[in-house]
Amino acid sequence: MAERELNFEGKSPLLYLIATPIGNRSEFSPRAIELCKEADFIGAEDTRNSRAFLLSYGIDKPFISCHEHNEEEAGEKIVSLLKEGKKICYMSDAGYPAISDPGERLVRRCIQNGIKVSTVSGPNAGLNALAASGLPTDHFYFEGFLPSKPSERKKELEELKGRKETIIFYESPHRIEKTLKDMAEVLGDRKACLARELTKSHEEFIRAGLEELAALDPVTLRGEMVIIVEGAKETKKGLEEEDILFLLKNALNEGLKSKEAISKVAKDNNLPKNAVYDLYLKHFK
Ligand code: SAM
């Protein structure tokens, strides 16, 4: 059995992971400030940013740069300093270290070396967005960034298609237009929420179907953003081609235009819109 030691008792060294603001600078906790003041070193993803940020609290410490491309070597240095008894806090550029940010390998290295790890709570873009999205929060899946290559992005979305949980995506403004279009195409017109510039003065939540989000003017989608997407619904079982045709006919008889009828039948029955459209073309054109 693994040896046990409470995080804030005993002699083993401890690394603090410090969550930092994702926009509003006053969301840096008093505990984080206190620990950074006590630290001998601050490990940081971007030492320039973090130095300027901590200086605004009057904290001036030696830094250790530890980012995606040097996490192994920097991790070794941090571990050896911790073993010497130095106090170290690690922070990424925004939010939690190790969440779509460097830190995961550093944490593993610490654990392998008998170093305890603790977190100082703070904001996380995905959870902020999820909590206010209005979509189910009881079960959720964190995807983070999708691959940037279009073919890989679509493949990944295909793999996510069947997930029942609400899904959290991170995206950058220069890829948002293509990503939303791919999401609408692969996942269908699900409910979604685009949360932009969280905790900042231009914070915005756009709650709409994926198709509507994909049709937004990309110029209006600037800044940092999270996309929350509803999970897959149970497909109504046993729906044969003739059942779908029956529903389509009813919708058209109710006076809906063909496009509206196709969307309604697809949405109500959790069917891919393309499949309903193909049936429409086959039987009504
Ligand atoms: N470690 C961070 C966390 O705990 O949320 C995530 C860092 S990741 C490199 C950066 C991405 O997080 C951005 O591209 C965006 O998707 C999301 N993000 C960060 N800050 C945000 C904000 N203020 N509003 C919306 N999304 C944000």
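The model is predicted, so local features need pLDDT of at least 70, side-chain atom pairs count only at pLDDT 80 or more, and totals for chains, interfaces and linings use all residues. Residues are numbered from 1 along each chain as its sequence is written, and side-chain values use heavy atoms, with hydrogens and water left out.

**Stop 1: the domains.** Color residues 14–123 as domain 1, 126–229 as domain 2 and 241–284 as domain 3; these bounds come from an automatic or database domain assignment. The C-alpha centres of domain 2 and domain 3 are 27 Å apart.

**Stop 2: the ligand.** Select the ligand next. Domain 1 and domain 2 both give residues to the shell around the ligand, so it lies between them.

**Stop 3: the neighbours.** Now show the 19 residues around the ligand, where I22, I99, N124, Y170 and M225 come nearest; a residue is near if one of its heavy atoms lies within 4 Å. The shell holds 11 nonpolar, 3 polar and 5 charged residues. Here Ala, Val, Leu, Ile, Met, Phe, Trp, Tyr, Cys and Pro count as nonpolar, Asp, Glu, Lys and Arg as charged, and the others, Gly among them, as polar.

**Stop 4: the backbone.** At Y96, a backbone N or O atom lies 2.9 Å from a ligand oxygen atom. For L198, a backbone N or O atom is 2.9 Å from a nitrogen atom of the ligand.

Notes
A polar contact is a pair of N or O atoms within 3.5 Å; within protein, one must be able to donate a hydrogen and the other to accept it, and residues adjacent in sequence count only if both atoms are side-chain atoms.
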